[in-house]
Every structure is written in structure tokens, then in C-alpha cells.
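This report describes selected features of a predicted model. Please consult the sequence and structure below alongside the text.

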Amino acid sequence: MRFFIFLFLGFFFIGLQSTVFQDLPKWIGMPDFLFLLIVFIAIHFPIAKGAALTIIFGILTEVISGYFLGIYAIAYLLIFFMIKGLSIGLAIDESNHQPPIVALSYLLANVVIYACTAMLSADNLLPWNWGEILQRLLIITILTVPMNILFEMLWKNKKKNNDQQLFVKLFQQQKGNRYRNNR
């Protein structure tokens with residue numbers, strides 16, 4: 001169940017990044033919610049399921065907005081295994097430890113993607129833009145804690161009743177009179 005919730009959430013983030021966020025002005029920046037989801041998956045999911053989700057997200061990102069098939073999948077998988085290795089020995093599942101890890105891993109992912117693109121197509125290489133990368137780095141670092149809270153809510157949501165699903169509970173109407181005090 002969790003696998004599919006996070007799979008559809010990743011699809012939603014990829015769609016959001018490739019449509020809505022592309023139309024935002026450059027000075028606002030473009031948040032990368034998918035990267036935050038990959039970091040959360042690396043910390044909480046088992047290796048097989050987490051790696052499968054990471055590869056799916058990398059290939060789908062590549063199909064929608066990439067130049068060469070596999071670069072994002074390799075970069076995301078490298079970040080996944082790096083964070084998974086760190087999470088085994090360190091307590092990085094705490095919210096206050098994640099912003100620096102997210103910032104460093106996002107910078108590493110951009111270096112890997114840029115280096116692979118430079119090796120494969122030096123003729124069409126876009127210049128390394130520190131301003132844009134630092135802007136995205138700042139946005140993603142600020143969004144780490146609120147997005148982690150959202151992901152934790154989805155992760156810890158347990159069914160109280162077998163008939164109710166997560167999305168039904170979110171949009172379910174309250175029963176009874178909420179304005180009357182029942183004493």
C-alpha cells in the first residue's frame with residue numbers, strides 16, 4: 001500500500017515539475033519535490049522497494065525532460081544508495097539532520113548529471129549556472145522539513161478500519177453537530 005501511495009505521489013511530482021513549475025518565473029525558482037521524495041524513500045523504504053521506486057522515477061524524469069536515457073536514474077540511484085548507507089550508521093531520519101544531507105546530495109546529483117551530460121554531448125552542453133543551482137539548493141533545503149512532515153504523515157498512516165482508505169479519510173465529512181457542545 002505504501003509503495004503505491006509513494007509511487008503515485010512521485011508521478012504527481014514529476015507531472016508538477018514538468019508542467020506547472022516550468023511556467024514559473026526564473027526568479028522564483030523551481031522546487032524539486034521529487035528529490036525530497038527520493039531522500040525520504042532512501043531513509044524509510046527497504047532497499048529493493050526503494051531502489052525500484054528510485055529507478056522508476058529516474059527513468060520517467062528522463063523520458064519527460066531528459067537528454068540521455070539513464071542519467072537521472074543513475075544519479076538518483078547513486079543518491080539513494082549513498083543516503084541508505086548513511087541512514088544505516090547514522091540517525092539521519094530526524095528532521096533536523098536532513099536539510100544538510102539533502103543540500104549535499106542535491107549538489108552531488110547535479111554534479112553527476114552535469115558530468116555525464118558533458119561526457120556524452122560536449123557540443124550541446126549548457127554552462128554550469130551557480131546562481132540557479134544555489135537558488136534551487138536553497139529552496140529544496142527550506143522545503144525539506146515541511147515536505148518531510150507530509151511524507152511522515154503518509155508513512156505513518158495506519159488503517160483504523162479496513163473499509164477506509166487514506167484518501168477517503170482525508171476528504172470524509174465530519175459527522176454530528178460540530179457547533180453544539182455535547183456535555
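## Salt bridges

Lys 156 has a relative accessible area of 58% and is therefore exposed. Its side chain meets that of Glu 152 in a salt bridge, at 3.7 Å from N to O. Glu 152, by contrast, counts as buried, with a relative accessibility of 17%, the cut-off for buried being under 20%. Both Glu 152 and Lys 156 belong to helix α7, where they are 4 residues apart, about one turn of the helix.

A search of the whole structure gives 2 salt bridges. One of them joins the side chains of Glu 132 and Arg 136, at 3.3 Å from N to O. These residues both lie in helix α6, 4 residues apart. Glu 132 is partly exposed at 28% relative accessible area, and Arg 136 is likewise partly exposed at 23%. An α-helix has 3.6 residues a turn, so residues three or four places apart point the same way.

## Helix α6

Helix α6 comprises the 13 residues 130–142; at 1.5 Å a residue it should span 18 Å, which agrees with the 18 Å between its end C-alpha atoms.

The buried residues of α6 are Ile 133, Leu 137, Ile 139 and Ile 140. They cover an arc of only 165° around the axis, and therefore lie on the same side of α6. Their cover includes α2 (33–44), α5 (98–120) and α7 (144–156). The face turned away from this buried side carries the exposed residues Leu 138 and Ile 142.

## Nonpolar surface patch

Ile 55, Ile 59, Val 63, Ile 64 and Leu 69 make a nonpolar surface patch of about 460 Å². Leu 69 is located in the loop between α3 (47–65) and α4 (71–89); with a relative accessible area of 68%, Leu 69 is exposed.

Note on methods: Residues are numbered from 1 along each chain as its sequence is written. This is a predicted model: local features need pLDDT of at least 70, side-chain atom pairs count only at pLDDT 80 or more; totals for chains, interfaces and linings use all residues. Side-chain values use heavy atoms; hydrogens and water are left out. Helices (H or I, at least four residues) and strands (E, at least two) are DSSP runs, numbered from the N terminus. The expected span of a helix is 1.5 Å times one less than its number of residues. Buried means under 20% relative accessible area, exposed over 50%, partly exposed in between (1.4 Å probe, protein chains only). The arc is that of the directions from the helix axis to the C-beta atoms. Contact means heavy atoms within 4.5 Å. Patches are made of residues with over 30% relative accessible area and no salt bridge: like charges are joined within 9 Å, nonpolar side chains (Val, Leu, Ile, Met, Phe, Trp, Tyr) within 5 Å. Accessible areas come from the Shrake-Rupley method with a 1.4 Å probe; for residues, only the protein chains shown count as cover. A salt bridge is a side-chain nitrogen of Lys or Arg within 4 Å of a carboxyl oxygen of Asp or Glu.
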